[in-house]
Amino acid sequence: MGNYLVAMEAAWLVRDVDAIDDAIGVAVSEAGKRLNNKDMDYVEVEVGATGCPACGEPFDSAFIAADTALVGLGLEMDVYNADSEEHASRIAKSEVGGALRDVPLSVVEIIERPEDE
């Protein structure tokens, strides 16, 4: 049995928004609210980062078209006593996916934690 940090990415849709900063604020707030309503305050929520195709520098993962924004959120949670990385991934997706219904979610990284942490 191992302990893992599972990092996921979610695609959050925000309607009737004019500015990127507003879209990011709404997305992070709504995701946090849904998770907190399910007593999942142990899941970290932040705006994702996308690399610039020209220079490679990261920038906030958000795009607005027709007053509708698509915001990429980064979610992290610790999974304890999982049999493998695959098992930890399924546990995290099941837990977070249950709270964030109808939100596309994918695992982007799994890091094994030492037992003593």
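Buried means under 20% relative accessible area, exposed means over 50%, and partly exposed is what lies in between (1.4 Å probe, protein chains only).

**Ground rules**

I'm working with a predicted model, where local features need pLDDT of at least 70 and side-chain atom pairs count only at pLDDT 80 or more, while totals for chains, interfaces and linings use all residues. Residues are numbered from 1 along each chain as its sequence is written, and side-chain values use heavy atoms, with hydrogens and water left out.

**The whole chain**

I looked up the helices and strands, which are DSSP runs numbered from the N terminus (helices are H or I with at least four residues, strands are E with at least two). The chain has 2 helices and 7 strands. Going along the sequence, I read the pattern β-α-β-β-β-β-β-α-β.

Next came the box: along the principal axes, the C-alpha atoms fill roughly 50 × 35 × 20 Å. I also checked burial, and 33% of the 117 residues count as buried.

For the surface, I used accessible areas from the Shrake-Rupley method with a 1.4 Å probe. The total for the chain is about 7,200 Å², and 47% of that belongs to carbon and sulfur atoms.

Then contacts, meaning heavy atoms within 4.5 Å. Taking contacts between residues at least 6 apart in sequence, 73% join residues at least 24 apart.

Charges next: Lys and Arg count as positive, Asp and Glu as negative, and His and the chain ends are not counted. Each charge is placed at NZ of Lys, CZ of Arg, CG of Asp or CD of Glu. I got 8 positive and 25 negative charges, with mean positions 11 Å apart.

**The hairpin**

Two strands pair if DSSP finds at least two bridges between them. Strand 5 (residues 62-65) and strand 6 (residues 68-82) run antiparallel and are joined by 4 bridges. I followed Phe63 across, and its bridge partner in strand 6 is Leu70. There are 2 residues between the strands of this hairpin, and Ala66 takes a positive phi near 55° there.

**The cysteines**

How many disulfides does a search of the whole structure find? It finds 0, with a disulfide taken as a pair of cysteine sulfur atoms within 2.5 Å. Cys52 is in no disulfide, and the nearest cysteine sulfur, that of Cys55, is 3.6 Å away. Cys55 is in no disulfide either, with the sulfur of Cys52 as its nearest at 3.6 Å. Cys55 counts as exposed at 54% relative accessibility.

**Ser89**

Is Ser89 buried or exposed? Ser89 counts as buried, at 10% relative accessibility. I found Ser89 in helix 2 (residues 85-99). Leaving aside neighbours within four places in sequence, Ser89 is in contact with Val107 and Ile110.

**Two loop aspartates**

I then went through positive phi values in residues other than glycine. Asp16 has one near 55°. Asp16 sits in the loop between strand 1 (2-15) and helix 1 (20-37), and is exposed with a relative accessible area of 74%.

Asp102 also has a positive phi, near 65°. I placed Asp102 in the loop between helix 2 and strand 7 (105-113). Asp102 counts as exposed, at 81% relative accessibility.
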